[in-house]
Amino acid sequence: MRLEEIQLQFISLPLKTPFATSFGREDTKRAWIITVRGEGIEGYAESVASDLPLYSEETHASVYYAIRDAIIPHLQGNITDPQEISLRLQSIRGNRMAKAAVEMAIWDWFAKSERQPLYRLLGGRDVDRIPVGVSIGIQDSPEQLGAVAESYWKQGYRRLKIKIRPGWDVIPLRLLRARLGDEVPIMADANSAYRLADRDHFKEFEDLHLMMIEQPLAYDDIVDHATLAKTLSTPICLDESIHSVDDARKAWELGALGIINLKVGRVGGYAPSLAIEAFARQHHIPLWCGGMLETGIGRAHNLHLTTLAGFTLPGDTSASDRYFWQDIITEPFALNADGTLTVPTGPGIGVDLDPKRMQEVCTYEETWKI
Ligand code: OSB
Ligand code: MG
């Protein structure tokens, strides 16, 4: 199997409502959609890099240069197994979102060539529905948070993740808990907004019965997280700090890692994701699939990954209408009444780009021969 060309299309999609976190506020989703072509087959993926380096170092600009200058030269020659792509790209440091976007498109391309849904190639289970949660940005008032969260809960989402930052944490969470009751699974995501010096403040979270607190401390830390974890009974979940199975192992050995949020883009592709999933399964570490406000392309990839047995908690892969007025795929993802999304069963990721919608939202494109 040989690749002939790779295309990058830059899209700009308005979000239904702005998404605010401790690091910033977005009202538009921008991303590169990657298409690889060869042997008459196309594979698709989406880069999860951001406009600015606020979540991680990677941006749309860095992804463009990494793919053009560093990644494309490694894609020549015969590809016999998509697992080998990650090895070919091993010498390139960092740039994991760029590597993941290309590697994921090649997995889709390969699965389509074998006429198999992607999850089979990944070793996933034949489950047709994936239980999902929803990530709720920082709101203008606790009342607004209560209304938004309650409406998602009534739609059927299986757990609510509330974005927090200093000044927007215990009080809105306590009011939300009082409004929804003790049975609703609630967690908090700080996106690195706190310091270890805030450890006493975290004691106030304990009676909220949160499933977990995600990434409370620095984006590049595991040591202080381990110290904090020892003082709390609420589990710590790591997102930003985990880039590889070695990071997961070190964090686990230090006691920093109670739960893992896995994002394929953050760790550099499916090969490292499968290693992390196997590690989590081996050590009985709860695992869930994170999200980066992806379009239907990234969302389909996330669902295929989540069929693997190690994914034991509902993730952030919400329905298309939680984010966008109109997605870029022909059959957008809808939430089933039981709080699940349906895994597409066609070849590869099983979803197709909507050419008319792509024309509306694509602002730039470039194609390279391989
Ligand atoms: O920290 O998980 C995060 C979105 C953008 C950047 C970082 C994060 C998020 C989310 C949204 O929480 C998850 C989603 O709904 O896709
Ligand atoms: Mg997070």
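**Close-up views of a predicted model**

**Figure 1. Strands β9 and β10 in the predicted model.** Strand β9 (residues 236-238) and strand β10 (residues 259-262) run parallel and are joined by two bridges. Cys237 has Ile259 of β10 as its bridge partner. The model shown here and in the other views is predicted.

**Figure 2. The open sheet that holds β9 and β10.** Seven strands make up this open sheet, in the order β5-β6-β7-β8-β9-β10-β11, and their pairing is parallel. The edges are taken by β5 (134-136) and β11 (287-289); each has a single partner strand, so one side of each is left without a neighbour in the sheet. Strands of a sheet pair through backbone hydrogen bonds, in a parallel or an antiparallel sense.

Figure 3. Strand β1 (residues 5-21) and strand β2 (residues 24-38) run antiparallel and are joined by 13 bridges. Within this pair, Pro14 stands opposite Thr28 of β2. The hairpin between β1 and β2 passes through two residues. Strand β2 is also joined to strand β3 (residues 41-46), by six bridges, and these two strands run antiparallel. Arg37 has Glu42 of β3 as its bridge partner. Two residues lie between the strands in the hairpin of β2 and β3, where Glu39 takes a positive phi near 55°.

Figure 4. The residues around ligand 1 are Tyr55, Ser135, Asp189, Asn191, Asp239, Gly290, Gly291, Met292, Leu293, Asp316 and Ser318. By class, this shell holds three nonpolar, five polar and three charged residues.

**Figure 5. Gln215 in its loop.** Gln215 is found between β8 (213-214) and α8 (223-231), in the loop that links them. Phi of Gln215 is positive, near 40°, and the residue is not a glycine. Most residues other than glycine have a negative phi. Is Gln215 buried or exposed? Gln215 has 24 other C-beta atoms within 10 Å, and a residue with 20 or more counts as buried, so Gln215 is buried.

**Figure 6. His284 in its loop.** His284 lies in the loop between α11 (270-282) and β11. Although His284 is not a glycine, its phi is positive, at about 55°. His284 has 9 C-beta neighbours inside 10 Å; the limit for an exposed residue is 12 or fewer, so His284 counts as exposed.

**Figure 7. Residues 142-235, a segment annotated in UniProt.** An unreviewed UniProt entry carries the annotation "domain: Mandelate racemase/muconate lactonizing enzyme C-terminal" for residues 142-235. In the model, this segment is 41% helix and 11% strand. The C-alpha atoms at its ends are 24 Å apart.

**Figure 8. The chain as context for the close-ups.** The chain has 13 helices and 13 strands. Its radius of gyration is 20 Å, close to the 21 Å that the globule rule gives for 370 residues, so the chain is as compact as a globular protein of that length. Along the principal axes, the C-alpha atoms fill a box of roughly 60 × 40 × 35 Å. Of the 370 residues in the chain, 50% are buried. The average pLDDT of the chain is 98, and 100% of the residues score at least 70. For the complex, the predictor gives an ipTM of 0.99 and a pTM of 0.97.

Conventions: Residues are numbered from 1 along each chain as its sequence is written. Chains are lettered from A and ligands numbered from 1 in the order in which they are written. This is a predicted model: local features need pLDDT of at least 70, side-chain atom pairs count only at pLDDT 80 or more; totals for chains, interfaces and linings use all residues. A residue is near a molecule or strand if its C-beta atom, placed from the backbone, lies within 6 Å of it. Ala, Val, Leu, Ile, Met, Phe, Trp, Tyr, Cys and Pro count as nonpolar, Asp, Glu, Lys and Arg as charged, and the others, Gly among them, as polar. Two strands pair if DSSP finds at least two bridges between them. Helices (H or I, at least four residues) and strands (E, at least two) are DSSP runs, numbered from the N terminus. pLDDT is the predictor's confidence in each residue, from 0 to 100. UniProt positions are given in the numbering used here, feature names are shortened, and annotations may be inferred rather than shown by experiment. The radius of gyration is taken over C-alpha atoms; the globule rule is 2.2 Å times the number of residues to the power 0.38.
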